[in-house]
Amino acid sequence: MSVSYKAVQWNRQKLVYDAVLLAALGTYLVGFHQLAPRLDPNVEPMNLRMRAFGSAAFLLLHVVLSIGPLCRIDRRFLPLLYNRRHMGVVLCGLALYHADLALTWYHAYGNLEPVVSLFVSNPAVGSVARFPFEWLGAGALAILVLMAATSHDFWLANLTAPTWKALHMGVYAAYALLVGHVALGALQTNTHPGLTAGVVLGALWILGVHLVAAHRERAADTPATAGADGWVEVCAVGEIPEDRARVVFAGGERIAVFRYDGRLSALSAVCQHQNGPLGEGRIVDGLVTCPWHGFQYRPDCGAAPEPFTEKLPTFDLALRQGRVWVNPRPHPPGTPVEPLPVPGAPGGEAA
Amino acid sequence: MIAIVETAVTLARLYGALGLAFAVAFVLLGIQRVDPSARGASWGFRVAVIPGVVLLWPLLALRWLRGRQTPVERNAHRAAATGGAR
């Protein structure tokens, strides 16, 4: 984010991620083209391709939406999150091709321009069952295009992570619109109960994983009670594992208290890149490392190592009767704070 | 209804055409003024951001005109740290 930009910062992980993604997608599309004509022998080749790409986009959207909450539930899903933006761009490409095929198949041969025809060919705006599902699809596509177009780190830096994240939360609106698009479109013409069941199960799955993840997050975001001096108790010093953090919600955000080399340091637990959950990260090579994309910060000052320029607010710590307390009033980002020695720990003070 | 949609489509195309013209100038001349991290950036990067510039060009045009650079994010901790709360 703070060194010279590249189109894509390729590395082995991203190459493997993209290769697996494209291989899975290719397998699905080939499989769909093989199986679908057996279920519907009268389907036209172009219509078949339109369904293949549309359904692939819809399925991939389920995967994209599942990754975030699954990572909250089980850290083993984190590798899926690492390159999720590429998945979003691929999803957008599938949806655009589906839309292009639909415009050509249904709207290219009339008196009106295809795009105009798309929006005026179904005038049943007042009907729920016959509502123009094309509008819903177009709305979802607009959101997906905006998200794909702003997926580069340049946009994170220029919109700031909170705004960027808010913009990309539009994916939930896109999902809702696409459920409507499928329910009022494909499910009206193809009444196979398996298709309906699949859409309903997909929606229940998305709702379920988000509810479970939200339940876990709510515990982490319960504001801690401050003492008389305004400081907040974190935990017993022995409860913080080496090279890990304990998180406390204070001062309107999460604070991460890291233990490393017999010392303790506290940082604002919001990574400057995508606002990742820094408190769930670990110390790697002496640096606090975000679990999402590996952005790193010095634990004692919150500054990213050179040549990077990201900085996080830091906090004062104190030990009182073997328990760790944090002052929730932050120092400006990048301010060095003397680490608190852990009594009896190697590198810390004598017990 | 047709007239409304045709007008909306025309306006969207006009917005996109203006955005594309701006985007070409921006990735060639303006991007490194707005974001210092874009200095010396690859051509691949400049092409990759064009779709977003086409969509959000008024934001970047204003920033370029005003001589502003990448904003600093705000959250509760940063606001408290820089607002003299200590």
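Is A:Glu242 buried, exposed or partly exposed? A:Glu242 is partly exposed, at a relative accessible area of 41%. Here buried means under 20% relative accessible area, exposed means over 50%, and partly exposed lies in between (1.4 Å probe, protein chains only).

This is a predicted model: local features need pLDDT of at least 70, side-chain atom pairs count only at pLDDT 80 or more, and totals for chains, interfaces and linings use all residues. Residues are numbered from 1 along each chain as its sequence is written, chains are lettered from A and ligands numbered from 1 in the order in which they are written, and side-chain values use heavy atoms, with hydrogens and water left out.

**Overall build**

- Chain A holds 11 helices and 11 strands. These are DSSP runs numbered from the N terminus: helices are H or I with at least four residues, strands are E with at least two.
- Along the principal axes, the C-alpha atoms of chain A fill a box of roughly 80 × 40 × 35 Å.
- Of the 351 residues in chain A, 47% are buried.
- Take the contacts of chain A with a separation of 6 or more: 56% of them join residues 24 or more positions apart. A contact means heavy atoms within 4.5 Å.

**Surface and charge**

- Chain A exposes about 16900 Å², and carbon and sulfur atoms supply 63% of that area. Accessible areas come from the Shrake-Rupley method with a 1.4 Å probe; for residues, only the protein chains shown count as cover.
- Chain A carries 26 positive and 25 negative charges, and their mean positions are 4 Å apart. Lys and Arg count as positive, Asp and Glu as negative; His and the chain ends are not counted. Each charge is placed at NZ of Lys, CZ of Arg, CG of Asp or CD of Glu.
- A nonpolar surface patch is formed by A:Val200, A:Leu201, A:Leu204, A:Leu207 and A:Leu211, with about 500 Å² of accessible area together. Patch residues have over 30% relative accessible area and no salt bridge; like charges are joined within 9 Å, nonpolar side chains (Val, Leu, Ile, Met, Phe, Trp, Tyr) within 5 Å.
- A:Leu207, one of the patch residues, lies in helix 11 (residues 193-220).

- A:His215 is exposed, at 53% relative accessible area.
- A:Glu217 and A:Arg72 meet through their side chains in a salt bridge (3.4 Å, N to O). A:Glu217 lies in helix 11 and A:Arg72 in helix 2 (residues 45-73), so the pair ties together parts 145 residues apart in sequence. A salt bridge is a side-chain nitrogen of Lys or Arg within 4 Å of a carboxyl oxygen of Asp or Glu.
- A:Glu217 is buried at 18%, while A:Arg72 is partly exposed at 23%.
- A network of salt bridges links A:Arg72, A:Glu217, A:Asp221, A:Arg254 and A:Glu280.
- Over all chains, the whole structure has 14 salt bridges.

**Salt bridges among the strands**

- A:Arg259 pairs with A:Glu242 in a salt bridge, the closest N and O atoms being 3.6 Å apart. The pair links distant parts of the chain, 17 residues apart: A:Arg259 sits in strand 3 (residues 253-260), A:Glu242 in the loop between strand 1 (232-236) and strand 2 (245-250).
- A:Arg259 is buried, at 15% relative accessible area.
- The side chains of A:Glu239 and A:Arg246 form a salt bridge at 2.9 Å, N to O. A:Glu239 is partly exposed at 38%, and A:Arg246 is partly exposed at 30%.

**Loops and backbone**

- A:Ser151 sits in the loop between helix 6 (133-149) and helix 7 (153-159). A:Ser151 is buried, at 14% relative accessible area.
- Neighbours within four places in sequence aside, A:Ser151 contacts A:Arg85, A:Val89, A:Trp164 and A:His168.
- A:Gln274 is not a glycine, yet its phi is positive, about 65 degrees. The residue A:Gln274 is in the loop between strand 4 (263-268) and strand 5 (282-284), and is buried at 5%.
- A:Asn275 has a positive phi near 55 degrees and is likewise not a glycine. A:Asn275 lies in the loop between strand 4 and strand 5 and counts as buried at 16%.
- A:Glu306 and A:Pro307 are joined by a cis peptide bond, with omega about 5 degrees. A:Pro307 is in the loop between strand 7 (296-297) and strand 8 (314-315).
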